[in-house]
Amino acid sequence: MCGIIGLCYSSPRELGKLLYKGLLRLEYRGYDSAGIAVICERKLHVAKGKGMLRDLEEKLGFTKYTGSTGIGHTRWATHGAPSNINAHPHTDCSGVFAVVHNGIIENYDELKKRLIGRGHVFKSDTDTEVIVHLVEEYYRDTGDVYEAFKRAIRELRGTYAILMITSLEENKIFFAKKDSPLVVGVGDGYNVLASDIPAILDHTRRVVVLRDHWVGYATPSSVYVEDLATGKPVDYSAYIRLVEWSVEEASKGGYPFYMIKEIYEQPQALKSTIAGLKSSKELPLAVKAIVEANGRVFVTGAGTSYHAAEFYAIASSTLTGILAVPFIASEYEAYSESAREGDVLVAISQSGETMDVIKAVRKFKERGVRVLAVSNVVDSAIPRESHIALYTRAGPEIGVAATKTFLTQTLLLAWLIAGVAEYTGVLSRSEYSEVTSLLERAPRVAEISLERSEELARELSKSYASKSSMYYLSRHIGVPVAREGALKIKEIAYIHAEAYPAGESKHGPIALVESKFPVVFVAPGISLVEQAIKGNIEEMRARGAETVGVVCEGSPLKGLLDHVIEVSCPHWLLTPISHTPPLQLLAYYTATTKGLNPDRPRNLAKTVTVE
Ligand code: M6R
């Protein structure tokens with residue numbers, strides 16, 4: 001997730017200052033590198049580099065640039081490590097076009113090869129650079145910038161919000177949007193475009209939220225929009241609305257806290273992750289590494305990422321028959337002793353900087369183990385120190401509680417396991433395609449879960465706010481999800497919560513259960529598992545527990561529970577996607593009902609960089 005901004009005036013002014021201010025407003029969307037491009041008297045000037053915005057301002061002096069039209073970008077790396085060269089804007093060979101982009105171009109590799117064949121010279125490792133060379137290529141053919149821009153956009157597969165300026169047409173910003181956000185701020189004698197409303201609010205409160213497939217250009221006095229899907233012009237003035245949010249409210253998308261914004265961003269985060277997986281060159285390498293391991297795979301993480309590790313272990317042995325040993329990263333000493341050359345360690349960390357995981361990676365590497373990292377932050381320490389790195393595309397997560405990173409981690413891991421199953425012949429080619437097309441339903445599955453749990457979560461939070469202890473129970477693939485639910489309510493609502501495989505109740509924990517003791521069941525859509533959970537629900541009810549169940553549509557467990565959330569379950573590998581959002585909402589509303597700030601739970605940091 002990156003932040004982009006564009007400003008278009010009719011005469012030169014201190015544009016660098018305005019772009020820099022806009023980028024600061026967008027910094028929460030990504031922050032490993034940044035840059036601007038401005039046009040001043042028909043000349044294109046670019047300043048960009050790796051680092052935090054404020055440091056770059058000191059080094060490059062964004063604010064000293066003047067011009068009438070300009071674009072800016074703050075980057076959250078996806079393709080290509082954070083570096084000066086990979087920072088946006090990107091320019092064409094002749095240096096007349098400059099582009100900023102937020103999203104992923106899935107077919108960049110094939111486009112790049114074709115453009116190199118036509119003599120284009122690429123400077124970066126990014127997917128974005130193909131866009132600007134495509135425009136250059138089509139401009140040679142047509143001599144018309146807008147036509148060339150549209151032709152280039154038609155070639156792109158993937159997600160994008162794109163802004164382009166050119167010294168050939170000084171007072172225009174060309175734009176295109178699909179699956180990545182882009183808004184226009186309608187000014188008086190100028191226009192602004194940005195990824196998000198906070199960057200617009202310093203200029204105007206009149207905003208048009210652009211729709212997918214819309215392309216066009218803004219001048220200081222007008223905005224031309226057409227729908228690329230239908231080829232018809234769009235009357236954008238019909239879409240203007242007045243924004244009443246403050247900048248602070250706007251950066252949380254109008255939500256009161258980042259956590260709830262991030263919970264509702266999950267469908268989009270899953271969409272981006274799927275796009276990334278489909279174009280990943282590392283995924284086949286990761287599949288091969290696992291298959292070629294001595295049959296011994298370890299999988300590790302801390303906190304929520306450990307729950308993803310546990311999910312991996314259960315799903316791997318269930319689908320592929322390959323046993324994976326999950327361990328909590330800080331326990332690496334206990335597991336590394338038995339590790340040997342040829343084994344594989346899957347190291348999961350959304351931040352890529354958790355010290356316990358780094359230590360585990362180093363120790364296992366010393367023993368000749370191949371390390372496969374799963375992270376949300378490109379080029380962070382853990383991917384850097386690993387042999388292969390796979391990335392989720394959740395965008396930055398600001399709330400301390402992990403939400404969208406957990407869903408995207410488990411989706412990526414499910415995809416990886418399906419790949420291993422195909423490689424080893426457990427799944428035929430067509431069965432593999434069937435499974436991945438079910439996994440592609442993840443964004444909608446998460447959306448349905450959110451829609452169906454919001455009301456009950458709010459309602460239940462009223463009584464949960466006064467509880468001091470809870471259980472979260474499940475079996476099989478639901479166990480890591482139950483653990484995640486318990487961790488959420490513990491860390492943000494400060495309620496003691498224990499999660500364990502439901503079969504363990506009789507071996508001790510049920511002794512605590514008395515009237516109105518809250519027990520949350522996570523029931524995956526596997527019929528044998530549902531049957532087993534049935535007995536566990538009954539034993540809890542018999543002791544007066546108040547039961548809540550997250551169950552699959554049409555589950556036979558429905559009638560047994562005091563409160564039910566029915567979710568959509570196209571495949572058991574999607575259990576974290578379908579069953580976690582209700583638990584996140586339950587924790588969130590319980591915290592806010594108690595007057596707590598879920599973004600900043602006490603005693604916790606977002607990234608634990610000490611052992
Ligand atoms: O960045 P990581 O995924 O390595 O972080 C690991 C844990 O610190 C993290 O998941 C923590 O448990 C979350 N705050 C849970 O919501």
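Tutor: Helices (H or I, at least four residues) and strands (E, at least two) are DSSP runs, numbered from the N terminus. The model is predicted: local features need pLDDT of at least 70, side-chain atom pairs count only at pLDDT 80 or more, and totals for chains, interfaces and linings use all residues. Residues are numbered from 1 along each chain as its sequence is written, and side-chain values use heavy atoms, with hydrogens and water left out.

Student: Which strands does helix H16 lie across?

Tutor: Helix H16 (residues 442–464) lies across E21, E23, E24 (546–552) and E25, and runs at about 160 degrees to E25. Helix H18 (residues 527–541) lies across E21, E22, E23 and E24, at about 170 degrees to E23. Such angles run from 0 to 180 degrees between N-to-C directions, with axes fitted as lines to C-alpha atoms, for helices over the stretch in contact.

Student: What makes E22 and E25 the edges of their sheet?

Tutor: The open sheet has five strands in the order E22-E21-E23-E24-E25, paired in parallel. Strands E22 (496–501) and E25 (563–567) each have a single partner strand, so one side of each lacks a neighbour in the sheet. From one strand to the next, the twist averages 15 degrees.

Student: How do you know that E21 and E23 pair?

Tutor: Pairing requires that DSSP finds at least two bridges between two strands. E21 (residues 469–474) and E23 (residues 518–523) have four bridges, in the parallel sense, and so they meet that definition. Tyrosine 471 has valine 519 of E23 as its bridge partner.

Student: Why are H17 and H19 called roughly parallel?

Tutor: Helices H17 (residues 479–493) and H19 (residues 575–593) pack at about 20 degrees, with axes 9 Å apart. Roughly parallel takes in angles under 35 degrees, roughly antiparallel those over 145, roughly perpendicular 65 to 115, and oblique the rest. H17 and H19 are therefore roughly parallel. Their contact (heavy atoms within 4.5 Å) includes Val481, Ile489 and Ile492 of H17 and His579, Leu583 and Tyr588 of H19. By class, that contact has ten nonpolar, five polar and two charged residues. Here Ala, Val, Leu, Ile, Met, Phe, Trp, Tyr, Cys and Pro count as nonpolar, Asp, Glu, Lys and Arg as charged, and the others, Gly among them, as polar.

Student: And what makes H14 roughly antiparallel to H19?

Tutor: H14 (residues 404–423) packs with H19 at about 170 degrees, the axes being 10 Å apart. That angle makes the two roughly antiparallel. Phe406, Leu407, Thr410 and Leu411 of H14 meet Pro576, Ile577, Thr580, Pro581 and Gln584 of H19. Of these residues, six are nonpolar, three polar and no charged.

Student: Why is H5 described as largely enclosed?

Tutor: Buried means under 20% relative accessible area, exposed over 50%, partly exposed in between (1.4 Å probe, protein chains only). Seven of the ten residues of H5 (residues 145–154) are buried, so the rest of the structure largely encloses this helix. Among them are Tyr146, Phe149 and Lys150. Their cover includes E6, H4 (129–142), E7, E8 (169–178), E12 (214–218) and E13 (223–227).

Student: How many residues of E6 are buried, and what pairs with this strand?

Tutor: In E6 (residues 97–105), nine of nine residues are buried. E5 (residues 90–91) pairs with E6 in the antiparallel sense over two bridges, and nine bridges join E6 to the antiparallel E7 (residues 158–166). E5 and E6 form a hairpin with five residues between them, where glycine 95 in the turn has a positive phi of about 70 degrees.
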